[in-house]
Amino acid sequence: MLTASVKTTKTKVLGTLCVILAVIIALILFFFGGNAPEASSEAVSRHVTDNLSRREFIASRGWETEEEPSSVAEVSLPQEFDDVLTWYNELQIASGMDLTPYLGKTVMKYSYRVTNFPGSGEVYATLYVYDGTVVAADIASHTDSWQKSIDGK
């Protein structure tokens with residue numbers, strides 16, 4: 001029978017355990033940490049407090065606007081979705097937003113004229129804000145009668 005003895009100290013055991021733990025953490029991050037969001041428009045906060053932060057939110061989606069909103073209005077959302085609002089909410093969900101929690105609430109609507117949209121016609125970016133948070137956003141052409149998510153999709 002073969003036996004071996006190792007003389008060690010608490011410091012060596014603790015150091016070895018720390019190295020093993022670090023390797024385990026590194027492996028977990030390597031295999032499961034790849035789903036971290038990239039720096040993109042989603043990384044920009046939906047919290048808006050003033051005109052500048054609303055315009056920064058729109059700019060984070062690639063749109064340049066005039067300095068001031070072309071219209072500001074208070075809008076009461078219905079208690080439940082109809083066909084049109086269901087379609088509109090699908091646009092919002094594709095952009096990482098969802099109107100469902102805000103049904104029956106009153107939101108502020110801010111519309112800005114977009115200055116860098118390719119082509120002719122007037123295009124507006126519209127934000128719907130509840131309690132300082134953008135809850136919906138879109139771009140729309142008033143001359144060509146179309147509407148897309150704020151991401152242009």
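How accessible is R113: buried, exposed or partly exposed? At 27% relative accessibility, R113 is partly exposed (between the limits for buried, under 20% relative accessible area, and exposed, over 50%, with a 1.4 Å probe and protein chains only).

## About the model

This is a predicted model, in which local features need pLDDT of at least 70 and side-chain atom pairs pLDDT 80 or more, while totals for chains, interfaces and linings use all residues. Residues are numbered from 1 along each chain as its sequence is written, and side-chain values use heavy atoms, leaving out hydrogens and water.

## Salt bridges

Let's start with the charged pairs. The whole structure holds three salt bridges (a side-chain nitrogen of Lys or Arg within 4 Å of a carboxyl oxygen of Asp or Glu). R113 pairs with E66 at 3.5 Å, N to O. R113 lies in strand β2 (residues 106-113) and E66 in the loop between α2 and β1, 47 residues apart (helices, H or I, have at least four residues and strands, E, at least two, as DSSP runs numbered from the N terminus). E66 is partly exposed at 34%.

R61 and D151 form another salt bridge, at 2.8 Å from N to O. This pair spans 90 residues, from the loop between α2 and β1 to the segment after β5 (146-149). R61 is buried, with a relative accessible area of 8%.

## Around S76

Now to S76, which sits in strand β1 (residues 71-76) and is exposed at 56% relative accessible area. Beyond its neighbours within four places in sequence, S76 contacts K105 and T106 (heavy atoms within 4.5 Å).
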